[in-house]
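Let's take a walk through a protein together, one feature at a time. Have the picture open beside you and look for each part as it comes up.

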Amino acid sequence: MANIKFFSGRTTPIEMHRVRIIQKLNLLPIEERYKAIKEAGNNTFLLKNSDVFLDMLTDSGTNAMSNDQQAAMQQADDSYAGSATFYRLEKALQHVFGMEYFLPAHQGRACEHILAKFFIRKKGQIIPMNYHFTTAKAHITECGGQILEIPVKDAFDTTSTCPFKGNLDIDALKATIAKYGKDGIAFVRMEAGTNLIGGQPFSLQNLREVSAVCRANGILLVQDVSLLSDNLYFCKQREEICKNMSIHEIALAFAEASDLLYFSGRKLGCARGGGICTNSKKHYLDLRVFIPLFEGFLTYGGMSVREMEAMAVGLMETLDEDVISQGPQFIEYMTEELVKLKIPVITPPGGLGCHLNARDFLSHLKPDEYPAGSLASAMYLISGIRGMERGTLSEQRNEDGSEPIAQMELLRLALPRRVFTMSQIVYAVDRINWLYQNRHLVGGLKWIEEPPILRFFFGTLEPNSDWQQKLVAKFKEDLGDSL
Ligand SMILES: Cc1ncc(COP(=O)(O)O)c(C=O)c1O
């Protein structure tokens, strides 16, 4: 973002855009929020958006588009085969990543499905990675693979100063290769802006080291670049070797280190869709067969051509530091305000959103009372803000049916890019502070209905006591008739 100094000495991030289209918001009274969260089975995914004030569930498909993206949508070429829109998107990707081949898919998990299906050749093959993402893990396990998380140890340090908590432990990678051999490993996966540990980046240096080890051992390196824009920004800000590189040069260096890239266009490019990029004709031909089978014809891959046009422009805008800095700078502001209030929050601030450390926030709860899920429910109840549980509920049960207690219990408050204003962030901080002062009132959750796969999406839960009624009563006592 532009270098703007305040005479007052304050440092407040400034939007380098103005708002020209708005959506009216609705903040229900707390009694109606109580009804809504109960009906949603305490699962914020099941809330109706009309019952939500600030939707901080995700940045997936919810980022604001630019005027140029909207304008580009008008020139979409709606043909089944050979659409001019496809070639414009392909050209944008070739420019951003310097990779020749592009396979379109309807969203990120569709790419994960295809990559897992093709590259996992035998049951039990290992996929070492910095950290898993829910859908990536689900597709890998579904295809008989086994994920192995080997991030640097700082990754799980909730209050760290480590600038690159998304780095992979190189020694652990070498040890893994020595143990399982080339044939025991399907591919190595690096996730940019590592989602589930708080949107934390890896460094270009680390990626290059991972790449060198993979290449020396003939192992594929697949990069999930869904959250690339935040990772690029952090490399530029925090990494010495990137200081004199342009954002585009860093993106090209990321691509150069990898054999295959895939992305969710619901995040990268601020539209809706996804795809796989590679420079290898062999990989392209091997994977191409799955596109018409699962996604759609090769020149749309299940995406709407209007979204593809917007994505092509959005990808080019990702190379503009003024554009990609807005999210991380708002997140940094929110995180630092919470740190000043001594509220447990993941540091350093990452991308995607502000992450509350539910394990410390609700330290009186047992792990199997789902602290992050309870915090998500309580947060909606007292503020109308919808966040996402990123903890034990987001895990899959172990094969023996036992509960896999997550390494981190986070409530993610996503800040979709260019969507929220500063006063909305100030409101969120105020309500988090109230909740923290009253945290002893928050109890746990227990299952009503637990789906077997990706249970967090539509599972339902209930409070394990009358804690929600008590929280409502305290809110009314402290804040009267305030919404
Ligand atoms: C890092 C990462 N990879 C993959 C995905 C899956 O993408 P999609 O939601 O488009 O299927 C996501 C979505 O949140 C993500 O954050």
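We can begin with the residues around the ligand: by class, this shell holds 3 nonpolar, 8 polar and 4 charged residues. Here Ala, Val, Leu, Ile, Met, Phe, Trp, Tyr, Cys and Pro count as nonpolar, Asp, Glu, Lys and Arg as charged, and the others, Gly among them, as polar. In total, 15 residues surround the ligand, and the closest are Gln107, Gly108, Arg109, Ser226 and Ser264. A residue counts as near a molecule if its C-beta atom, placed from the backbone, lies within 6 Å of it. Two helices, helix 4 (108-119) and helix 5 (134-142), each supply at least two residues of this shell.

Before going on, please keep in mind that this is a predicted model: local features need pLDDT of at least 70, side-chain atom pairs count only at pLDDT 80 or more, and totals for chains, interfaces and linings use all residues. Residues are numbered from 1 along each chain as its sequence is written.

Now step back to the whole protein. It has 19 helices and 14 strands, where helices (H or I, at least four residues) and strands (E, at least two) are DSSP runs numbered from the N terminus. The radius of gyration is 22 Å, close to the 23 Å that the globule rule gives for 483 residues, so the protein is as compact as a globular protein of that length. This radius is taken over C-alpha atoms, and the globule rule is 2.2 Å times the number of residues to the power 0.38. Along the principal axes, the C-alpha atoms fill a box of roughly 65 × 55 × 45 Å.

How much of the protein is buried? Buried residues make up 51% of the 483 residues. A residue is buried if 20 or more other C-beta atoms lie within 10 Å of its own, exposed if 12 or fewer, and partly exposed in between, with C-beta atoms placed from the backbone. Contacts tell us about the fold too: of those with a separation of 6 or more, 72% are between residues 24 or more positions apart. Two residues are in contact if their C-beta atoms, placed from the backbone, lie within 7 Å.

Next, the strands. Strands of a sheet pair through backbone hydrogen bonds, either parallel or antiparallel. Two strands are said to pair if DSSP finds at least two bridges between them. Strand 7 (residues 260-264) shows both senses: with strand 6 (residues 221-224) it pairs in the parallel sense over 3 bridges, and with strand 8 (residues 274-278) in the antiparallel sense over 5 bridges. Val222 stands opposite Leu260 in strand 7, while Ser264 stands opposite Gly274 in strand 8. Leu260, Tyr262 and Ser264 point one way from strand 7 and Leu261 and Phe263 the other way, yet all are buried.

Strand 14 (residues 460-463) has another pattern. Strand 14 pairs with strand 13 in the antiparallel sense over 4 bridges, and Glu449 has Thr460 as its bridge partner.

An open sheet is formed by 3 strands in the order 9-12-11, with antiparallel pairing. Strand 9 (353-357) and strand 11 (388-390) stand at the edges with a single partner strand each, so one side of each is left without a neighbour in the sheet.

Finally, some backbone details. Most residues other than glycine have a negative phi, and most peptide bonds are trans. Asn42 has a positive phi of about 55 degrees although it is not a glycine. It is found in the loop between helix 1 and strand 1 (54-55). Is Asn42 buried or exposed? Asn42 is buried, with 28 other C-beta atoms within 10 Å. Leu454 also has a positive phi, near 40 degrees, but this residue is partly exposed, with 15 other C-beta atoms within 10 Å. Look for Leu454 in the loop between strand 13 (445-449) and helix 18 (455-458). Our last stop is a cis peptide bond that joins Thr347 and Pro348, with omega about -5 degrees. Pro348 lies in the loop between helix 14 (326-340) and strand 9.
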